[in-house]
Amino acid sequence: MPVTVLIVDDEPLVRAGLRAVLEAQPDIEVVGEAADGAAVIPLVRRLRPDVVAMDVRMPLLDGIEATRALLRTVDAPPKILVVTTFENDEYVYGALRAGADGFLLKRARPAEIVHAVRLVAEGESLLFPASVRRLAAEYGDGDRAARDLLERARLTEREGEVLRLMARGLTNAEIAARLVVGTETVKSHVSAVLAKLGARDRTQAVIAAYESGFVAPG
């Protein structure tokens, strides 16, 4: 089955460019477009895309609020890939904190766009871990709630190791090789980490790890 994508951006040229790049792939299908975040929820409910590629800055409802609304109101929501002009942008970090799974630069090469959609859809690795680390260093302010969350989670030593390797962007297979365990064992540890942190995905777990100080962003 192809990865289905909904494109949300107020610039028609951006939408057309993303559609052209993605639809050139046999395993990706663009199922719809929208010009503002305000249109996301009804389209997601009707089209049920696997991934929403969403501009972070839009005139009526920006990508941050659209992400919050989508995750709050839609059952089994899609993965959210924020599309942005600037990498080091507080809006991008705000979208990640709100629940976005990763971000994509509008100037990215076609191969990078395709890779980002596939990686976010799979959910087994962190997209652009170095960039997320830089954003956390600049905009993550040692959140007390995040520290309390990590304390209450009571991660085991092995779960803590897995979380640190997740923050470095390693895939499940790479974590398994590093820890000399099976991939299924790693998947179980990742699931336990997400459950204990109440995180929807790896990105949210890593953001909490950075903001709590459990993993140093520098």
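Is valine 181 buried, partly exposed or exposed? Valine 181 is partly exposed, with a relative accessible area of 27%, where buried means under 20%, exposed over 50% and partly exposed in between, computed with a 1.4 Å probe on protein chains only. The legends below describe a predicted model, in which local features need pLDDT of at least 70, side-chain atom pairs count only at pLDDT 80 or more, and totals for chains, interfaces and linings use all residues. Residues are numbered from 1 along each chain as its sequence is written, and side-chain values use heavy atoms, with hydrogens and water left out.

**View 1. Valine 181 in the loop between helices H9 and H10.** Valine 181 lies between helix H9 (172-179) and helix H10 (183-197); helices (H or I, at least four residues) and strands (E, at least two) are DSSP runs, numbered from the N terminus. Apart from neighbours within four places in sequence, valine 181 is in contact with Arg158, Ala176 and Val186, contact meaning heavy atoms within 4.5 Å.

**View 2. The packing of helix H7 with helix H11.** The axes of H7 (residues 144-153) and H11 (residues 202-212) are 8 Å apart and form an angle of about 110 degrees; these axes are lines fitted to C-alpha atoms, for helices over the stretch in contact, and angles run from 0 to 180 degrees between N-to-C directions. H7 and H11 are therefore roughly perpendicular to each other, a term that covers 65 to 115 degrees, with angles under 35 counted as roughly parallel, over 145 as roughly antiparallel and the rest as oblique. From H7, Ala146, Arg147, Leu149 and Leu150 meet Ala208, Ala209, Glu211 and Ser212 of H11.

**View 3. The buried residues of helix H8.** In H8 (residues 157-167), the buried residues are Glu159, Gly160, Val162, Leu163, Leu165, Met166 and Ala167, and their cover includes helix H6 (129-139), H7, H9, H10 and H11. Glycine 169, which follows H8, has a positive phi, near 90 degrees.

**View 4. Parallel strands S1 and S2.** Strand S1 (residues 3-8) is joined to strand S2 (residues 28-34) by six bridges, and two strands pair if DSSP finds at least two bridges between them. Within this pairing, leucine 6 stands opposite glycine 32 in S2.

**View 5. Strand S5, covered on both faces.** In S5 (residues 102-105), Gly102 and Leu104 on one side and Phe103 and Leu105 on the other are all buried. Four bridges join S5 to strand S4 (residues 79-84), and the two run parallel; leucine 81 has glycine 102 in S5 as its bridge partner.
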